[in-house]
Amino acid sequence: MKSRRNFFTNLLGISTASLLPFSVFANARQPKINLTAIKPKRLKKGDTIGLIAPGYAVKPEVLEKAKETLIKMGFIPFHTARILWNHGYFSNTDEERAADVNDMFANPNVAGILCARGGYGCTRIMHLLDYELIKNNPKVLIGFSDITALANGIYSETGLITFHGPVGSTLDDDYSIQQLENVIIHPENQLLIKNAVLKDDELLNNPEFDRYNITSGKATGKLVGGSLTLIIALIGTPQEIDFTNAIVFIEDVEEAPYRIDRMLTQLIEGATFKNAAAIMIGVCNGCDKPAASGSFTLKEVILDRLKPLNIPAAYGMSFGHVKNNFTLPIGINATFDADKMTVKLLEKAVL
């Protein structure tokens, strides 16, 4: 009996690490320290733009509209057959969607990449991307919503500056097109980005489109962020965002105030969000819908969660699931003025 006890005691004394599969260590990634930013080449008229759908499937008419817009902007649209084959609610299988991203970066004839639409799916392919290939073939990558995972993930893994901007299905208004061109075609060293002018009475009377200061002040840091839901989805993954000294931009769509509350609380209680330099929130379209009477409004939730951080913050910036959109380069140094509600890019985002 004693020998049996000794056997189990010795067994339990074996290093836990030695009992784990080798793949656990092979797949573990070291934290990225002092990441060197890589700027892609600026786009120019006549360039070929690759269209991808790394998440949800794209309707043929939506794809055609995106191609028409690119042609009007002076670009040549291109896509592979992968974008046309639906797989459940995805545009294709995980492997094929990842292959499309990798191939667009590898293709020497493609100058830039525009996501045709958002929709869930990017977090499923992050481990399938060839980050070394992407790093060695830097290109402009544009998108928002679920593309938050792709854009921030690629930046965190490679240092490549990516662009939180319209997707093909939303790039259809003069303001968004001008904002995009200002950043990726005609960049300036000191580009001041201002909110769009709201003229529609329906928007002016919608509290979700209110513009208000949360905490006064001005701060400088690197831009990171995107969809709040996707920022949360990256927590615990190798692509989790480091918010230290960053200007964090946040937006979301069709999320009830209590869900916004829950996600902001998770960020606040996380490792680095308290160390952010500033927070700018876009339009949270469809989010001011309390689940029951007596609930908090969206504004009450945002003020309650973010004001105690005591860093410059404001709500109502022109980005999100709305018509008029900024193009915000992830990884670029910028200054955010919470009182004037402006963002100044301190450097060109493209070469």
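Let me start with a term. A patch, as I use it here, is made of residues with over 30% relative accessible area and no salt bridge, and nonpolar side chains are joined within 5 Å. Keep in mind that this is a predicted model.

Now the patch itself. Tyr56, Tyr89 and Tyr120 make a nonpolar surface patch of about 310 Å². Tyr89 sits in the loop between β2, residues 76–78, and α5, residues 94–106.

Seven aromatic pairs turn up in a search of the whole structure. Take Phe90 and Tyr120. Their ring centres are 5.7 Å apart and their planes stand at 45°, so this pair is tilted. Phe90 belongs to the loop between β2 and α5, and Tyr120 to the loop between β3 and α6 (131–136), so the pair ties together parts 30 residues apart in sequence. Tyr120, remember, is also one of the patch residues.

On to the sheets. Which strands form the six-stranded one? The order is β2-β1-β3-β4-β5-β12, in an open sheet with mixed pairing. At the edges stand β2 and β12 (328–330). Each has a single partner strand, so one side of each is left without a neighbour in the sheet. From one strand to the next, the twist averages 30°.

β5, residues 162–164, runs antiparallel to β12, and three bridges join them. His164 has Leu328 as its bridge partner in β12.

Helix α5 lies across β1, β2, β3 and β4 (140–143), and runs at about 170° to β1.

Next, the eight-stranded sheet. This one is open too, with mixed pairing, in the order β6-β14-β13-β8-β9-β10-β11-β7. Its edges are β6 (191–194) and β7 (212–215). Again there is a single partner strand for each, so one side of each lacks a neighbour in the sheet. Neighbouring strands here are turned by 40° against each other on average, direction ignored.

Inside the order, β8 (218–227) and β13 (333–337) pair antiparallel over five bridges. Lys222 stands opposite Asn333 in β13.

And which helix packs on this sheet? Helix α8, residues 174–184, touching β6, β11 (313–320) and β14 (342–345). The direction of α8 makes about 160° with that of β6.

That's the tour. Questions, please.

Technical notes: Residues are numbered from 1 along each chain as its sequence is written. This is a predicted model: local features need pLDDT of at least 70, side-chain atom pairs count only at pLDDT 80 or more; totals for chains, interfaces and linings use all residues. Side-chain values use heavy atoms; hydrogens and water are left out. Patches are made of residues with over 30% relative accessible area and no salt bridge: like charges are joined within 9 Å, nonpolar side chains (Val, Leu, Ile, Met, Phe, Trp, Tyr) within 5 Å. Accessible areas come from the Shrake-Rupley method with a 1.4 Å probe; for residues, only the protein chains shown count as cover. A salt bridge is a side-chain nitrogen of Lys or Arg within 4 Å of a carboxyl oxygen of Asp or Glu. Helices (H or I, at least four residues) and strands (E, at least two) are DSSP runs, numbered from the N terminus. Two strands pair if DSSP finds at least two bridges between them. Axes are lines fitted to C-alpha atoms, for helices over the stretch in contact, and angles run from 0 to 180 degrees between N-to-C directions. Contact means heavy atoms within 4.5 Å. Rings of Phe, Tyr and Trp (its six-membered ring) pair if their centres lie within 6.5 Å; planes under 30 degrees apart count as stacked, over 60 as edge-to-face and the rest as tilted.
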